[in-house]
Amino acid sequence: MMAVFPALFGLLLATLVKGEPSFTITPPEAVRRVGGELFVECKVAYQINSCRIKVGDQSYILSPSGQNSEDDVIYHGGGLQAGECGAHIRRIREEWNGNITCSLPPRTGNVEISHSMTLIVARPPSVIHLVSPQQPAFNEGEKFTAQCVVPDGRPPAKITWFLDENPLFEGIHQPIITGEPNDLQTISQNISRILVADDDAKTLTCRAEHEALDLPREAKRQILVHYPPQRLEQGTITIFGLKLGAEGRLNVTIRANPAPKAEWTVGDQRLVAPQSNDHANIAALEPLRLGNGYYNITLLLYRIEKEDVERKYYLRVSNDLGSEEFTVLISTMDEPAARKAKSSFLIIDVYGVELETGAIVGIVIAVLVLLIAVSLVVFAKATDRWCFADSRARDHTKSSGESTPAGDVLLEAGLPVPSRTDTESAVGGRERSRLAGLSARVRAALPRAKDKVQATESHATETEEKPLSEDKKGVVYAELALGDQPSTEKPPPPSAEYAEIVYTDQPKETKE
């Protein structure tokens with residue numbers, strides 16, 4: 001007894017020093033059917049001289065040699081010298097559900113060390129139940145709730161939901177499992193859904209899958225949904241291809257559940273299907289059931305006249321949950337060409353015109369190019385660049401008077417004469433006021449009598465240094481300041497205008 005404590009203390013000390021257990025067992029858990037097989041591997045980091053496996057209530061001493069091929073449990077592994085103690089369980093029994101334990105001797109001492117894994121012997125569940133409201137039908141927009149219960153399975157079954165053949169993922173609640181672990185357990189799961197018209201006549205399926213079942217088990221319930229009449233196309237309905245003098249049928253397809261009632265209004269006549277008018281040339285037929293909640297509502301015209309083409313036909317379809325109204329026109333023209341079959345590439349329908357990918361890309365590129373061009377024109381105009389630069393230069397030249405002698409003013413005999421300037425082309429009060437101000441300033445600068453007038457001191461200095469030619473004698477240059485521009489216009493660049501003033505000696509009587 002005293003030798004047991006040192007052995008346990010040494011094993012505990014070795015485990016703490018290494019920081020991890022030296023004993024491993026795989027797999028930690030397994031699910032198998034009765035009669036199936038399982039490999040269990042137990043391993044330590046040192047050489048062992050024995051290997052004992054306990055399965056259920058029975059223990060097996062296993063060795064690589066001396067095995068009986070008929071045994072249900074035989075040795076499996078790389079040998080005792082490698083520290084491996086494994087078991088190949090070839091035929092699993094129902095009573096073996098529970099733990100499988102490996103027992104190995106320690107490195108020192110005589111006390112075995114043991115580890116266990118869990119074996120779950122699968123057992124199929126009992127009959128599956130689908131619990132739902134007992135009412136036969138539901139209205140559109142109602143909340144539908146159902147519960148699927150799969151009892152007494154080991155392990156618990158896996159539940160999946162389907163509406164017809166389509167798996168459901170929305171409205172699925174968390175499953176609830178009751179029972180003892182590693183024993184028979186019951187699983188239940190709820191589903192809730194807001195019903196729509198498309199759910200009508202579809203089948204709700206609860207499917208249970210289990211390791212002990214070759215095929216899943218199912219519980220089903222059909223859902224019936226009632227809803228008011230619904231139109232399949234919006235706006236006014238036009239019936240094409242009818243012929244004058246021939247029979248015509250005005251067909252309108254709708255959805256409804258329960259079956260709808262149809263009422264046609266033709267002029268001042270009201271026909272409740274099935275009914276004919278007083279002249280027996282128009283008949284409202286009984287709604288024709290097409291299946292899955294679809295109905296064909298038909299108005300029969302035995303002989304189409306011109307006035308029949310020109311009038312409107314009104315249809316009212318109703319059931320216990322609501323009604324829908326339609327306006328129907330007829331036409332003797334052929335029906336427009338059928339729309340192209342949708343192919344793999346993108347097609348967008350814009351106001352009845354189908355645009356393919358190439359057309360859409362072309363339109364987008366054209367719009368972008370147009371926007372860029374407009375932006376460039378606005379930018380060039382605002383900054384006086386590119387083609388607008390010459391126009392700015394011409395405006396500058398006209399305002400400064402530097403590039404042409406058109407700004408000269410000829411004044412003879414001391415009287416101002418209208419000048420030939422670039423501003424002659426602009427007629428108006430603004431130019432006349434500028435010329436009037438120019439004349440006034442020139443008149444003030446004219447020489448008196450026979451004096452030789454010089455415009456400024458700077459020009460006088462140049463005259464003294466350079467003799468004047470004969471044809472330039474009597475010519476005086478004066479710098480003129482233009483009148484103020486209106487505040488609303490863009491001010492011209494700084495400039496000066498010059499006028500050529502010509503005067504001659506005149507007889508005394510003329511001057512007087």
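Tutor: Leaving aside neighbours within four places in sequence, F138 is in contact with P133, F144, L195, R221, I223, L224, V225 and H226. Contact here means heavy atoms within 4.5 Å. Do keep in mind that this is a predicted model, where local features need pLDDT of at least 70, side-chain atom pairs count only at pLDDT 80 or more, and totals for chains, interfaces and linings use all residues. Residues are numbered from 1 along each chain as its sequence is written, and side-chain values use heavy atoms, with hydrogens and water left out.

Student: Why is F138 called buried?
Tutor: Buried means under 20% relative accessible area, exposed over 50%, and partly exposed in between (1.4 Å probe, protein chains only). F138 has a relative accessible area of 3%, so F138 is buried.

Student: And what makes V367 partly exposed?
Tutor: The relative accessible area of V367 is 44%, so V367 counts as partly exposed. V367 lies in helix α3, residues 357–383; helices (H or I, at least four residues) and strands (E, at least two) are DSSP runs, numbered from the N terminus.

Student: How do you know that C42 and C102 form a disulfide?
Tutor: A disulfide is a pair of cysteine sulfur atoms within 2.5 Å, and the sulfur atoms of C42 and C102 are 1.6 Å apart.

Student: Why is that disulfide of C42 and C102 called right-handed?
Tutor: The torsion about its S-S bond is about 60°, so the disulfide is right-handed. C42 lies in strand β3 and C102 in strand β8, so the pair ties together parts that are 60 residues apart in sequence. C42 is buried at 2% relative accessible area, and C102 is buried at 0%.

Student: What is the handedness of the link of C148 and C206?
Tutor: With -60° about the S-S bond, that link is left-handed. C148 lies in strand β12 and C206 in strand β17, so this pair ties together parts that are 58 residues apart in sequence.

Student: How many disulfides does the structure hold, and which pattern do they follow?
Tutor: The structure holds three. With bonded cysteines counted along the chain, the pattern is 1-4, 2-3, 5-6.

Student: Is D308 buried or exposed?
Tutor: D308 has a relative accessible area of 8%, so D308 is buried. D308 is found in helix α2, residues 306–310, and touches R303, Y313 and I330, not counting residues up to four places away in sequence.
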